[in-house]
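The tour goes stop by stop: select, look, move on.

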Amino acid sequence: MNFNTKVIHGGQHHESATGSVNVPVFLTSTFAQKSPGVHSGYEYSRAANPTRQALEDSLASIENGARGLAFGSGLAAIDCVLKLLNPGDEVVAVDDLYGGTYRMFTRLFEKYQLKFTFVNFDDVSKIADVITDKTKLIWIETPTNPLMKLVDIKAVVEIAKGKDILVAVDNTFATPYIQRPIDLGADIVMHSATKYLGGHSDVIAGALIAKDAELGEKLHFIQFASGGILGPHDSYLVLRGIKTLAIRMQRHSDNGLAVAKYLETHPAVDKVIYPGLESHPQYELAKSQMKESGGMVSFTFKSGKKEDAVKFLERLKVFTLAESLGGVESLANHPALMTHASIPADKREELGITDDLVRLSVGIEDSEDLIADLERAFS
């Protein structure tokens, strides 16, 4: 199947008992057995639920993986990946990453004797410099949150080849419509399905997709044993969102480019960070690795003042000042005060997450209305 067909039909089947075109929401904790240990494939909903199974099959299909798993949040999915590791193992991670991921790595899992090394992946050779015989995982975001840096997935996979190192990619910003990491050699793909996969700001969810069945089974055991599953109703919402993913992502990308081009010409704006602009330092990588450039745009002010960023955000009317991203409505965010506040100030400064940085999640409204809203907020 081509992608537009796959988001609707990939891994999906009509419900067998009634022929229902849409998967029912199976609101049950347990399933009747014909005899002890003899059942229809479902025993207890923490292990498997038909609604969640339909979503997980869809996830595997759209990312071209062997096994999909649905979790209660994106962080629950990351937690599952880290539980593949043992005390003393080392993780190499991109330095500019979601604040919640950084918090989990440094404040939760470091105390269990996992070591995390954060590296600027602009120069992938730096990864090889920090890899040791204890390195078991390389963690990638591309594009990164919030600085929209790109990571050459193929190059990272090549560095990890033959070293018993898993490569995991947070594909939340790009989605499989734009970028498919497993096709580029990655072992695991992670999504905060709260964002573009759900697409309507009405669900909290996470996802993992494993490249091969053996790894998928290991992740499923951890999910089953730890219990971080997604409930059936939320599974239904994400599955429904996936059905419109292709058309939404194209609109997000078209609007994102229009907004980025507008910002690039505005006299109050210093720097616009968007992979679809030729000014992006990794523009050529974006063209080779991504089908489109997505709906996430970050920018800074020429004044460099936090006050200007805050005033701008307070004046927005069509864009909503809120956490999160990836919904049909446009959102605006101040990373230093909101999504990345858990990262220490000196670390934010080192990375370039300045106090005047604004991150926009460009929705699917008319681009003319979005640009008019930005213009009013600047005035």
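Start by selecting Leu97. Leu97 is buried, because its relative accessible area is 1%. Buried here means under 20% relative accessible area, exposed means over 50%, and partly exposed lies in between (1.4 Å probe, protein chains only). Leu97 sits in the loop between β2 (90–94) and α4 (99–109). Helices (H or I, at least four residues) and strands (E, at least two) are DSSP runs, numbered from the N terminus.

Before going on, note that this is a predicted model: local features need pLDDT of at least 70, side-chain atom pairs count only at pLDDT 80 or more, and totals for chains, interfaces and linings use all residues. Residues are numbered from 1 along each chain as its sequence is written, and side-chain values use heavy atoms, with hydrogens and water left out.

How far apart in space are Leu97 and Asp369, C-alpha to C-alpha? The distance is 31 Å, and the two residues are 272 apart in sequence.

**Stop: the annotated lysine**

Select Lys195. The UniProt annotation "modified residue: N6-(pyridoxal phosphate)lysine", from an unreviewed entry, covers Lys195. UniProt positions are given in the numbering used here, feature names are shortened, and annotations may be inferred rather than shown by experiment. Find Lys195 in the loop between β6 (188–191) and β7 (206–210). Is Lys195 buried or exposed? Lys195 counts as buried, because its relative accessibility is 14%.

**Stop: the loop between β4 and α6**

Select Pro143, in the loop between β4 (135–141) and α6 (153–160).

Met148 is not a glycine, yet its phi is positive, about 55°. With a relative accessible area of 1%, Met148 is buried.

**Stop: another positive phi**

Select Asn64. What is the phi of Asn64? Phi is near 60°, a positive value in a residue other than glycine. Asn64 lies in the loop between α2 (50–62) and β1 (67–71). A relative accessible area of 31% makes Asn64 partly exposed.

**Stop: salt bridges**

Side chains of opposite charge can pair when their charged atoms come close. A salt bridge here is a side-chain nitrogen of Lys or Arg within 4 Å of a carboxyl oxygen of Asp or Glu. By this rule the count comes to twelve. Visit these pairs.

- Select Arg52 and Glu56. They form a salt bridge, with the closest N and O atoms 3.5 Å apart. Both are in helix α2, four residues apart, so about one helical turn separates them. Glu56 is buried at 5% relative accessible area. Arg52 counts as buried at 1%.
- Select Lys136 and Asp164. Their closest N and O atoms are 3.4 Å apart, in a salt bridge. Lys136 is in strand β4 and Asp164 is in the loop between α6 and β5 (166–170), so the pair ties together parts that are 28 residues apart in sequence. Lys136 is partly exposed, with a relative accessible area of 24%. Asp164 is exposed, at 60%.
- Select Glu284 and Lys287. Their side chains meet in a salt bridge at 3.6 Å, N to O. Both residues lie in helix α11 (residues 283–289), three residues apart, about one turn of the helix. Glu284 is exposed at 53% relative accessible area. Lys287 counts as partly exposed at 49%.

**Last stop: a charged patch**

Which residues form a negative surface patch? Select Glu307, Asp346, Glu349 and Asp355. Patches are made of residues with over 30% relative accessible area and no salt bridge; like charges are joined within 9 Å, and nonpolar side chains (Val, Leu, Ile, Met, Phe, Trp, Tyr) within 5 Å. Lys and Arg count as positive and Asp and Glu as negative, while His and the chain ends are not counted. The place of a charge is NZ of Lys, CZ of Arg, CG of Asp or CD of Glu. Accessible areas come from the Shrake-Rupley method with a 1.4 Å probe; for residues, only the protein chains shown count as cover.

Finish by zooming in on Asp355, in the loop between α13 (345–351) and β12 (358–361). Asp355 counts as partly exposed, because its relative accessibility is 37%.
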